[in-house]
Each structure stands twice: as structure tokens, then as C-alpha cells.
Amino acid sequence: MRMTGDGKGVFAAGWRLLWHRWELLCWLAAVNTACGVLGALPAARQLHRILGHTLAGEQLFKGFDIAMFYELVRVPEAGLLRFTNPSYLMAGLFALLMLLISGGVFESYRLDRRLNTGEFFAASGAFFWRFVRLALMSLVVFGILGDAYLDGEKLADRLGDKFANDQVGFAIRLVGVIGLVLLMLFVRLWFDMAKVRAITDGEHRMVPNTFKSLEIARQRVLDLLWLYLRISLVAWIAALIAFLIWMRVPPAAIWATFILLELVVLAQLGARMWQVAALTLWYKRYAAEFAQPSLEVAEPEPPLSLYPETELPPADA
Amino acid sequence: MQLRTFLFFLAVGAFCCAPLAAQSPFAPKVSGVLSQRVVAYQIEAVYEPKQHAVDATETLIYRNLTGQPLSRFPFHLYLNAFQPKSTWMYEAHRDGSIRANEFASWNQKEHGSNEIISFEVVGMGDLSKQMKFISPDDGNPDDKTVFEVQLPRPVAPGQEVQFRIKFRARFPEVVARTGYKGSFLLAGQWFPKVGVWWNGAWNCHQFHALTEFFADFGTYDVKITLPGNYIIGATGVQTGESDNGNGTKTVAFHAEDVHDFAWTTDPNFRVIESHFDGSVGPVKIRLLSYSSHRSSWQRYLDVMEAAMRRFDQWYGPYPYAQITVVDPPHASLEAGGMEYPTFITGGTGWFGTWVVPKGDHETEVVTAHEFGHQYWYGMVATNEFENAWLDEGINSYSEVKVLDGMYGRNASALNLLGAQMGDRDYLRGDYLPVAETDSLARPSYTDMSWGAYGGVSYGKTAMILLSLEAIIGEQTLRNALRAYFLKYRFTHPTQEDFMRTVNEVSGQDLSWYWQQAVYGTQVFDYAVLRAKSTPANWYEKDTEEKPGETLYETQVILQRKGDFVFPVEAQIKFDNGESVRESWDGKDRWVRFVYQKKAKVESVELDPDHKLPLDRNYLNNSNVATEQLGASHKIAAYWMFLTQMLAYLLSWLV
């Protein structure tokens, strides 16, 4: 039976919702930038110390001499790789922060209005542990996927040995990578669905929620995967355009390079938020199709009960 | 019927007479015996593709040219290295070889082996029971890569002894540049090979993970029986081929004045032929590749032509009639980048199966390097176990020169999307982390690690020779290499022979350099410690500095941070455009230069012509008065971007 939830219009509606709630994206981009600055700061100081008074820097400034960059990495006195830990730390912190505020983000998209600080963090806090459980489960699934991919690589090697054309093994790997990307995208939307359901339906039990979300995602796999894929493609096309522009930017134009790189990051973050917004809208539209009769009728949670100080918007708003 | 009978006898006759009428193994203008032919191998082998194994009978005639009676003969059985508990396996595992780490999960069938079925000495009987495995390097009782045989009576000086050995060689899945992958086979180090009597003793090392081989010159007549649809390439030239009528064929090869014999086969090979017109006549270039590597074919031929022409002009002729170039299949990259006499393997790279960007010169770098080994290993046959720098290092230097000539110094390894890298920089990258580990003179197989072996034998040696140009000049060094090649080709020179030749050709006693660069582990690191201008009348109060009028005293201090002593130059630039060059013998720990000028120092640069890649740290070779923030800001921006993207990706997962 063909269901009606084909997601038509959600792509554009998701974009509009992202645009309406632009402050969320700006906020995340600012935090991401701050993490980037803090992560890069120790390396920047070391670079400044090493390159500040040497002619060697010219080869990196007026072009990009890989040999000189290699020098920075391999010469023990420079030891640039020693400064990767702060970057890893800040990247990890950002991921944790995203997990922490996911509740607020999803809720803001669900209500399609600006939450004040108290509301935002109240929602974040209310859903934090549920989202942590979902994150742990998604990491297990991603881990299984990664492991399966490694096994697939070995299989590709074995299959490749059996064919006369020595490209076969490589082609199998390539197909495997594409398959992996699609599977990862599916897992992402599956757990995003679980988050949306937790927010929208007030689901508390994350294991049943996960299975139900999988069922919904499976039923609408083509529509939803295409929705997520299209949004990702927009981000990657933006990155490609930025790369093509960057190729034409003079090597010494640091500010232009910096702005282009930040736009790439913004496009990726924006695409991620767009996916969340679009999925939230999609579920709002089609949730009724997936409602299942239950013997035990749970008392629905008032969606705004978490924020007693909030005034309810007019019913027809 | 008569016609068929006639054709049959014609075919048989053609095969039997083939060696007589066959192509000479040498280029047209080469004649005579080029080496002391100590050994003569005749091998008849049958290849079983399904079992990845060869059953063979080897007849080895050994001429005793040692000047003394010999009764003990050591032999290599290299394929036994691919067995658990072998020295090779231990060392490979210790140094993190991927294949060795996977070894635990290898199927027993994937273990390589050389099994001696019988060992007979003509006139002395079957000596199979006299065979004894020995481990001259590490005493490992489980290593079976060397065995020795004690003859009942010695072989007198000048006499010959004939060994008849029946053996079975089972190849591993491709590892250490030998083995099979699918239907592809690279048969290297596959037959029992006698050691080398060198410097008054047998030199027959166990197979080590780091190092390669050493063998005597001689002749090879090898017949290989294999399935009729298999295409084969090997050392030397093909002298015959016969259809055995049972779906198999036998192909005969002949090689002279070489010290090893390797071959490869695959039914899927495509044969592409070209030739190079060298100073001793045309040389056939036979490329064995795959249809899917079509985009690389012309690149192989172009780099071969370029490398052969330069080596011919610079060092001397390539005397053989043919060079076989093998482009291994995608999944067997470990078969790539290997040299055997008149036979080399390249490597297209995984994405090269479709298209390799023209700016990525990896195919050219590898091919030029492996061809260079025809000179530095193939003809000048140094001991690769002990002095790997003599073949790998000198060859890396030659490779840099070939690639620089083809693509320019700064883009010889990579010229892609605005990013450039010279081949010398790539080799320098190997050298930098191991600048203070092993000396060149240390027996290579005892080097600290795989990284140290590669960094020292390839990278450091290339840097030493490039830096040597600063003392004796590029052309003189080229002349010295030519003299070394012409004098020692088809012999086994020592490292002292090489250094002595350079001394003689340059007319300089370079022992001070060799002592540090070859025998020592001194680190080469010179730095600009200080460059500062202050008003000469600094003691006067309230003086105003006026550009072009105020007299400044400029102090420049150069420092020798490492223990390697070397004369260096420095260029001092002032803000009025004036420039001064200073020379320093580099012996003291530091030197001070003082100038009084109506200008301030703008920059100081050591080694301004960038002639000393042996200097371990380029970053301290200069000092500029005005702070330069461009490079650090640029890299910091990239760093920040990568951090942000990593943060985004991690957040995507949760």
C-alpha cells in the first residue's frame, strides 16, 4: 500500500523553517567557530613562533609549498602534530555540546518559534538523557557499520582476485563506500526520527522508540533518504563551488581564504540543521499515519509544561 | 597429413635451434664477457597456477675464483622467510609491516616456502642429508632461509663444481615483492641461490625484513612451463617457446652477466613494446600491464625513455638488449617498485586504474627509481644486506636528477591543484625523522627500524650527495658517479671504493665529509641565532633615527647547532637594498659578523642558494627583522577549518 507521506514540499519547507529560525544556525556556527579558534590557538601560537621571523614562511604564504609544510610537521623543533590534541578536545566538546542542546533545537523547530533562553535550555535538559541513550545506540550501529565495511573490504579483495579485470576489487570497494555513506545517512535519519518522536510524542522509552523509528524510516526509506541526500548534496555542491573559487584566489589572500572556509563550515552546519528541520516537519505532517492503537493510553504530555513562564501562542497562530 | 608432419618438425626444430638463432641478451654494439661469471644456472621449472607453486630442477655450475679450496657452500632459500618464526617475519612484525601483522590469520597455503627435494653434487653423490640450516646473523634456530652443505672433498681454486637441486617453491600471497595475487604471479627470490665469496669469506645473510639481496654474476638459462594462455616476462631475453600439446607451453629465457633471475606471469597481461636508442644500440622496452591501466602505458614508456637517455649520457650505457617493465595489478601493490636484473616493477596506484592525474608523478618516480637500479644494483652490484645506501641512496640521488630534469626541481614529485613538491623534498621528508639514528656504514639489516632504514638508505644518502654538490659541484659529482660506474660495473664494490672514486675524480680529500656523513651520526643543523641593528650612537640621549642617515651597527650571529661541521654561506640584506655574502667554515659553535651601515638589517639567510638539504632544520636558517604573520595566519586558518569540520563530523554521529 502506498502511503501518502512522500515528503513533497518538505525539502523547501525545511529550508524555510531553517531560515525562520536562523538564530539557531548562527548560534551553532558561532560555537563551532569558537571551538575552532580554541582548538587552533596552540598550533597558531607555535606557527607564529616558528614562522614569525623566518623566510621559510614565504613559501607557504605566497603559494603552498607542501615540502615546507612537511618540514613543519616532521622537524622535531616544530613538531606541529603535537598540537592536534586541543583540536580533538574542542571537536569532542562541540559534539557533546550539540548533544546537550539537541533538545532545544528540535523543540524550537517543532514549535517553529524562537524559544527564550530558559525555554531552550529547559528543553535541552529535559531531553538530554534520552538523547544520550539514543546517541549511544546510534554509535553502536555506526560501529557495526564500520566493522561490516572492513569485512566488506576483505571480501572485495577476495572477489577482486577472482576476476580478470583488476579494477573489479576497486569497483567493489567504491560501491561499498557509496553504500556505506547511504547506510550512514539512513542511520542518521533513523535516530533523528527517534529524537523527533521523543520531542513530538513525548516518548520516554528510547528502546521501543528506536524500533518504532526504524520501522517508520524503513517504510519511507526512499523518500526520507532522498530528502537527506538532497540536502547533503546542496552542502557539498556549496563546498565544491567554494573550492573552485578558492582555486582562483591568490595564495596570499588569507582573508578571502578564511571566509571561503568558514562558508564551507556554515554550509555543512546549515545542511545538518536543515535536515533536522525538514524531518521535524515531515513527522508533524505524517505522524498520524504511524500512530498505533495502544491498550494503555498514556496521558499526553503538555508540550509546553516544561516552560511554565512561557505564554502560549494563540491557537490559530 | 604430410604438411602437418612437416609443420610439426618445423616447430620442434625451431624450438631446439631457438637458442642458437635467438636474440643476443646484449644490445648490438656490446660483445664479449662483461663480468666474472662465477655461476651458471640452468633451471627447468613447471608452474602450477592453482597451487601457486613451482616444481623445478636447478643445475648450478660454480666456478671457484676465490683462490683457495672451498668445501663449504651456503645457499639462500628466501621463500622460507614467509613462515612463522622466521627472522624476516619477526623483524617485519617488530617494525609493523601490515602483511606480517596479518600473518597470524594467513592460511597455511599462503605461507611461502622453498623445499629441497634432492641435493646432488656431480661426482660426489646425493648430499641431501648433509644440508644444514644455519642462521649466521641472529642464531634464530627457526629461520630456514640459509642452509649450507659440506662437500666430501674441496673444490680446488679455478675448478668448477656442479650442483643439481630439485626443489619446490611455493609462493605466498604478494609480500615483500614476490608472490601471487589472483592469476598474477611475481616470482622473485624463488630458487636456491648460492652465497657470495666476498672479502675472503662467504657472505650469505638470512633474509631480513629491511634489506634486499646480494649474489654473484653469471649466466641464466631458464625454461618455464606454464598454461598456454599465460603471458610471461622475465630477466634476460626470450629464446624459445614451444607448445607442449597438453594446454601448456614452455618458454625459454637466457641472460648473461646478471646476478638474479625473476619472472612474472598472468593471462591478463597486455604487452606493450617500445624501444630506446642507446649509445650501444636499441634496447627493447617490454611493458607488461593491464587493459585497465591503459592511461598509464604511455607514461611508463615516456619515463623509461627519459631515464634511460639520462643514465646513458650521465653514467654509461645500458648494455642489455631488453628491459622488462611490469605494472602489477591493483590489488598487489606490494609487488610494485622492485628491481631485478633487466626486469623492474612499477606501480600505477589504486586510483590509477582509471586515471592518474598528470601532476601526480608517482608512477614516474617509481619507474625512474627502479630503472636506476639497473645501474646501482644490477651492474654495480653492491651488497644490499650491508650497504643499502650504495644502491638505494645513490639511486635515489640519480632518480632526483632524472625527475628534476623532467619536471623541474620544485614540482618533480607533485604538481597538482597548485600544490607542488620536489622529489628531493619527498626524500628529505624520509630523512628528517631519522637524522640522528643510524649511520650509513652500519650494516643495513641491523638498522633501528623500517623508517630508519628507509630514511637513512634512501633519504639521507640522497641528501648527502645533493649537499656534496655544494663542495665539488654537480658536474664533478656526475663525473665521479660515471667513473665509479665504469670502473666497478659487473663487480661488487665496497663503500670505500665509492668514496675513494669521488675523492679521486674531484681531486679533493673528502674524508672529513665521509667521516661525518657515512661513518658518523652527526646532525647537520646550522641556524641564524641573531640579526639585529641598533644605532651606533646608542649611548647618546634623545637621538632621532632617520632612514638613510642614522648609522647602525648590525650584529649577525650564526650558530652550529648540530655536530656536523660544514662550510656555510650566509646572505645579509639591508633595508637600503644592499646585500652581503659571508662564508664561514662552520667549525666553531658560532660566529659573529658586525656591520656599520646607514641601514638596518632586513634579513639574514643561511645557505641562500638552498644547496644543503642535509641541514635538518630549514626553519631556523633565516631571520627577518620585520615580523611575518602571513604564513602562520594562513596555516592557522586551515587548522581552524579542519578543527571545525572535525567538530561537525563528530556532532553528526551523535
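Modeller: pLDDT is the predictor's confidence in each residue, on a scale from 0 to 100. This is a predicted model, and in chain B the mean pLDDT is 92, with 93% of the residues reaching 70 or more.

Colleague: Over which residues of chain B is the pLDDT below 50?

Modeller: That applies to residues 1-21 of chain B, a stretch which has nine contacts in the model beyond near neighbours in sequence. Where pLDDT is low, the predicted coordinates should not be read in detail.

Colleague: Why is B:R424 called buried?

Modeller: A residue counts as buried if 20 or more other C-beta atoms lie within 10 Å of its own, and B:R424 has 26 within that distance, so it is buried. B:R424 belongs to helix α8 of chain B, which spans residues 423-431, and, leaving aside neighbours within four places in sequence, it is in contact with B:V400, B:A462, B:L466 and B:P613.

Colleague: Which residues meet where α10(B) and α11(B) are in contact?

Modeller: Among them are B:A480, B:A483 and B:Y484 in α10(B), and B:F498, B:V502 and B:V505 in α11(B). The residues of this contact divide into seven nonpolar, four polar and two charged.

How values were computed: Residues are numbered from 1 along each chain as its sequence is written. Chains are lettered from A and ligands numbered from 1 in the order in which they are written. This is a predicted model: local features need pLDDT of at least 70, side-chain atom pairs count only at pLDDT 80 or more; totals for chains, interfaces and linings use all residues. Helices (H or I, at least four residues) and strands (E, at least two) are DSSP runs, numbered from the N terminus. A residue is buried if 20 or more other C-beta atoms lie within 10 Å of its own, exposed if 12 or fewer, and partly exposed in between; C-beta atoms are placed from the backbone. Two residues are in contact if their C-beta atoms, placed from the backbone, lie within 7 Å. Ala, Val, Leu, Ile, Met, Phe, Trp, Tyr, Cys and Pro count as nonpolar, Asp, Glu, Lys and Arg as charged, and the others, Gly among them, as polar.
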